[in-house]
Amino acid sequence: QVNMRETVLTDTNVTVRFRPTSAMVTGILVYMAQYNTTVAGDFFLVALEKSRLVLRYNLGAGAVTVRHGTVLSAGVWYTARITRQRLTATVAIDGIAASVSGAARALSSLNVLTPTFVGGVPSSSAITYLASITSSFSGCIQSVQVNAIVLTYSTATNGRSISECQLTPCELTPCHNGGTCREVNSTLAACSCLPGFHGATCLDACSANVHNCTTSSRCCALPSNRAVFECVCSPTSSGQTCSAAGPSYTSLTFGGDGFAEYEHRIVTSVETHIAFNITTLSSNSLIMYLPPLSMRSDYYHVGIYNGFIEFGFDLGTGSNTLSSSVRVDDGQFHSVQIVRNLRTASLIIDNRPATTIMSQSGSTGLNNANTLLVGGVNSGCEVYTNAALPSYSSVLGGRFSKGLVGCLHSISISNLPLQLNAARSGARVRQTACAPLR
C-alpha cells in the first residue's frame with residue numbers, strides 16, 4: 001500500500017504491467033477509496049473480473065463500470081492504461097481496443113483518503129461494497145504508475161504475502177516494435193530488430209535518439225509506420241529538420257493535427273472574453289481548450305459540434321454548454337464573440353442575436369492559470385512541453401476527435417489581441433493566409 005491522497009482528484013491515470021497466473025482469474029490490481037470500510041463513498045478500482053480488465057469507480061453519484069472486452073490469457077504479460085479525466089474514463093490493453101465510458105453525473109472529483117493498494121486489500125472489510133470485488137490478484141505485477149508517481153516496493157508503507165516474480169531475461173528486457181528476443185543465458189537477452197528500429201530493445205529512431213531533428217522541434221515516429229520518423233516543427237522553426245527560423249504569423253491555419261500553446265491572460269476570474277474570425281469546412285473539431293488544473297475542475301473550450309460553434313465551461317459547479325444558432329462549416333468567414341460575466345455566458349455569431357446560458361448556482365469565477373491550447377490539443381506525437389498534453393479521447397469525453405481544419409485570425413482573449421508569434425510551443429501550424437474555402 002502506498003499513500004496517494006488527493007493527487008488523483010480530477011485526473012486519474014493508472015498504468016499497470018501484469019501477468020495472470022491462471023485463466024478466469026478475478027482479483028484487484030489497484031484500489032483507492034474515500035473510506036477504509038465497506039460503506040459507500042468515492043473509490044477507484046482496477047481489477048480483473050473473470051479474466052477481463054475492469055475499471056469501477058464512484059465520484060459520489062453512483063458506481064460506474066468500464067469493462068474491456070478482451071479475455072486475458074494466463075502466463076501472458078499485459079500493459080493496461082486507465083485514464084479518468086473528470087467524468088470520462090478510458091480503458092486500454094496494450095494500446096488497442098480501448099473502451100470509453102462517461103459518467104453523466106454532476107459530480108466530477110475523486111476524493112481519496114486511503115492509501116493506494118496494489119494487488120489486493122488487507123481485508124474485505126476495508127473495501128466498499130460498491131466495488132463488488134474483494135479478492136487479491138494472483139500473478140505478477142511488474143510496474144504500477146499513478147499519474148506521475150511510479151509505485152515501487154521500496155516506497156510501500158505496508159504489505160503481506162508478496163514474493164519475487166520469476167522473470168526470464170526476455171520478460172525483464174522485452175523487445176519492442178516486433179523485435180525478436182533470444183535468451184543468451186539465464187540473465188542476458190538479445191533482441192533482433194526489424195529495419196528502422198534501433199538499440200538493445202528495438203526502439204524507434206525518436207525513442208533511441210538517433211534522429212537529426214533540432215532541439216526546437218519534436219521527433220515523431222509515424223503511427224502508421226514507427227520505423228519512419230519526421231521532425232515536427234514548433235511555430236518558431238521550419239524546414240525538414242526544423243533548423244530554419246519560423247514564419248511570422250498574421251493568422252493561424254490548422255489541418256486537424258496541429259496546435260499552438262499560449263500563456264492565458266486572465267484579467268479577472270469573473271469575466272471571460274473570447275473573439276476570433278474563422279473559416280472552416282469542418283463540422284466537428286476543437287478550436288480552443290483551457291485544460292483544468294490537476295486539483296480543480298474549472299476549464300473552458302470552444303469547438304465546432306455538428307457544424308455549430310460550441311462554448312463549454314465549468315466554474316467548479318458542473319459543466320455548461322452553449323451552442324450557436326448559426327452553422328459555421330460553410331467555408332465562409334464568420335466572426336465569433338463569447339462573453340461570460342459571472343455565471344452568464346453569451347455567444348454571438350456574425351453580430352446576430354446572442355444565445356445565452358446560465359451556469360449552476362455557486363461559484364462565479366473561472367480559477368485556472370493553465371496555458372491555452374489553440375487549434376487542437378496535440379499533434380499525435382508525444383509531449384511538447386514539460387507537462388503532458390491531453391489526448392482527444394481524454395478531453396470532454398472524446399467529444400472531438402481532431403483539432404481545427406481551417407483558419408483563425410483576429411484572435412483576442414480578455415479583450416487583448418493574442419500575440420500569434422509568442423506561442424510557448426506547438427506543432428503543424430501552417431502559414432497560409434485566411435481565405436474563404438468555397
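In this protein, residues 24 or more positions apart account for 65% of the contacts with a separation of 6 or more, a contact meaning heavy atoms within 4.5 Å. The model is a predicted one, in which local features need pLDDT of at least 70 and side-chain atom pairs count only at pLDDT 80 or more, while totals for chains, interfaces and linings use all residues. Residues are numbered from 1 along each chain as its sequence is written, and side-chain values use heavy atoms, with hydrogens and water left out.

**The whole chain**

Start with everything shown as a cartoon. There are one helix and 32 strands; both are DSSP runs numbered from the N terminus, helices being H or I with at least four residues and strands E with at least two. The radius of gyration is 24 Å, close to the 22 Å that the globule rule gives for 438 residues, so the protein is as compact as a globular protein of that length. That radius is taken over C-alpha atoms, and the rule is 2.2 Å times the number of residues to the power 0.38. Along the principal axes, the C-alpha trace spans about 70 × 55 × 30 Å.

The accessible surface comes to about 19,300 Å², and 51% of it belongs to carbon and sulfur atoms; the areas come from the Shrake-Rupley method with a 1.4 Å probe, and for residues only the protein chains shown count as cover. Of the 438 residues, 47% count as buried. Buried means under 20% relative accessible area, exposed over 50%, and partly exposed in between (1.4 Å probe, protein chains only).

Colour by charge for a moment. The protein has 27 positive and 21 negative side chains, and the centres of the two sets lie 4 Å apart. Lys and Arg count as positive, Asp and Glu as negative, while His and the chain ends are not counted. Each charge is placed at NZ of Lys, CZ of Arg, CG of Asp or CD of Glu.

**Stop 1**

Select Gly62, in the loop between β5 (52-58) and β6 (63-71). Gly62 counts as partly exposed because its relative accessibility is 30%.

Move on to His68, in strand β6. With a relative accessible area of 1%, His68 is buried. A polar atom of the His68 side chain lies 3.2 Å from the backbone nitrogen of Thr70.

**Stop 2: Ile82**

Ile82 lies in strand β7 (residues 78-85). Ile82 is buried because its relative accessibility is 1%. Show its surroundings: leaving aside neighbours within four places in sequence, Ile82 is in contact with Thr12, Asn13, Val14, Phe44, Val46, Leu55, Thr90 and Val91. Ser359, 277 residues from Ile82 along the chain, has its C-alpha 30 Å from that of Ile82.

**Stop 3: Ile141**

Go to Ile141 in strand β11 (residues 139-146). Ile141 has a relative accessible area of 23%, so this residue is partly exposed. Not counting residues up to four places away in sequence, Ile141 touches Val16, Arg17, Phe18, Leu29, Val118, Gly119 and Cys165. From Ile141 to Gly95, 46 residues apart along the chain, the C-alpha separation is 18 Å.

**Stop 4: His334**

Select His334, found in strand β26 (residues 334-341). His334 counts as buried because its relative accessibility is 7%. Show the side chain of Asp330 as well: a polar contact of 2.8 Å joins the side chains of His334 and Asp330. Such a contact is a pair of N or O atoms within 3.5 Å; within protein, one must be able to donate a hydrogen and the other to accept it, and residues adjacent in sequence count only if both atoms are side-chain atoms. Leaving aside neighbours within four places in sequence, His334 is in contact with Phe276, Asn277, Ile278, Arg327, Val328, Ile349 and Asp350.

**Stop 5: two loop residues with positive phi**

Asn351 sits in the loop between β27 (344-349) and β28 (355-358). Its phi is positive, about 60°, although Asn351 is not a glycine. The relative accessible area of Asn351 is 64%, so Asn351 is exposed.

Finish at Ser414, in the loop between β30 (405-413) and β31 (416-417). Phi of Ser414 is near 55°, again a positive value in a residue other than glycine. Ser414 is buried, with a relative accessible area of 15%.
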